[in-house]
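Student: I have a sequence and a structure to read, and I would like to go through them step by step. Where do we begin?

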Amino acid sequence: MPLRNSSVQTLALALHELATNARKYGALAILTGRLDVNWQVRMLQSDRQLELVWIEHGRSPEQPDTQGEQTGGYGRRLIERALPYALSATTTFELRDTGVRCTISLPLDTTEAEQAP
């Protein structure tokens, strides 16, 4: 099922930020790191939701410790603030000792997809 046209750019930017940080500081910055990305379409009440789960296993020793930060960096703010505002998404972002875990759940609108040529 296609995403709404308005959703693609914001979601792509969030995934780009996750990938960039994984390469700089996370699971993709170390030889033993692993990245799991899973997604599925779920029915919640009467709406379809795209649920994306990003889990990094491992983190670079050079990773800045942002556990105590309330706001985080640009990518985290994008995920925790912009996605809910722009896409009505529900998100979580956890920086664990073992790596990052992020979930993004956003509504799928079939109306716009059906009208696309």
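Tutor: We begin with a definition: two strands pair if DSSP finds at least two bridges between them. Keep in mind that this is a predicted model.

Student: In which sense do S1 and S2 pair, and over how many bridges?

Tutor: Pairing needs at least two bridges. Strand S1, residues 34-44, and strand S2 meet that condition, and their sense is antiparallel. In this pairing, Met 43 stands opposite Arg 48 of S2. The number of bridges between S1 and S2 is 11.

Student: Which residue in the hairpin of S1 and S2 takes a positive phi?

Tutor: The hairpin has two residues between its strands. A phi near 55° is found in this hairpin, and the residue that takes it is Gln 45.

Student: Where is Ser 88 found, and is Ser 88 buried or exposed?

Tutor: Ser 88 lies in the loop between H2 and S3. Its phi is positive, near 55°, although Ser 88 is not a glycine. The cut-off for exposed is over 50% relative accessible area. Ser 88 has a relative accessible area of 53%, so this residue is exposed.

Student: What pattern does the protein chain follow along the sequence?

Tutor: The protein chain has three helices and four strands. Read in sequence order, they give the pattern α-β-β-α-β-β-α.

Student: How many residues does the largest nonpolar core have?

Tutor: Those with the most contacts inside this core include Trp 54, Ile 79 and Cys 102. Two or more residues each come from helix H1 (5-24), strand S2 (47-57), helix H2 (74-87), strand S3 (90-96) and strand S4 (99-107). In soluble globular proteins, nonpolar side chains tend to be buried together. The size of the largest nonpolar core is 19 residues.

Student: Which residues is Ile 79 in contact with, leaving aside its neighbours within four places in sequence?

Tutor: Ile 79 is one of the residues with the most contacts inside the largest nonpolar core. With those sequence neighbours left aside, its contacts are Ala 14, Leu 18, Pro 84, Thr 91, Phe 93 and Cys 102.

Conventions. Residues are numbered from 1 along each chain as its sequence is written. This is a predicted model: local features need pLDDT of at least 70, side-chain atom pairs count only at pLDDT 80 or more; totals for chains, interfaces and linings use all residues. Side-chain values use heavy atoms; hydrogens and water are left out. A nonpolar core is a set of buried Ala, Val, Leu, Ile, Met, Phe, Trp, Tyr and Cys residues joined through side-chain atoms within 4.5 Å. Buried means under 20% relative accessible area, exposed over 50%, partly exposed in between (1.4 Å probe, protein chains only). Contact means heavy atoms within 4.5 Å.
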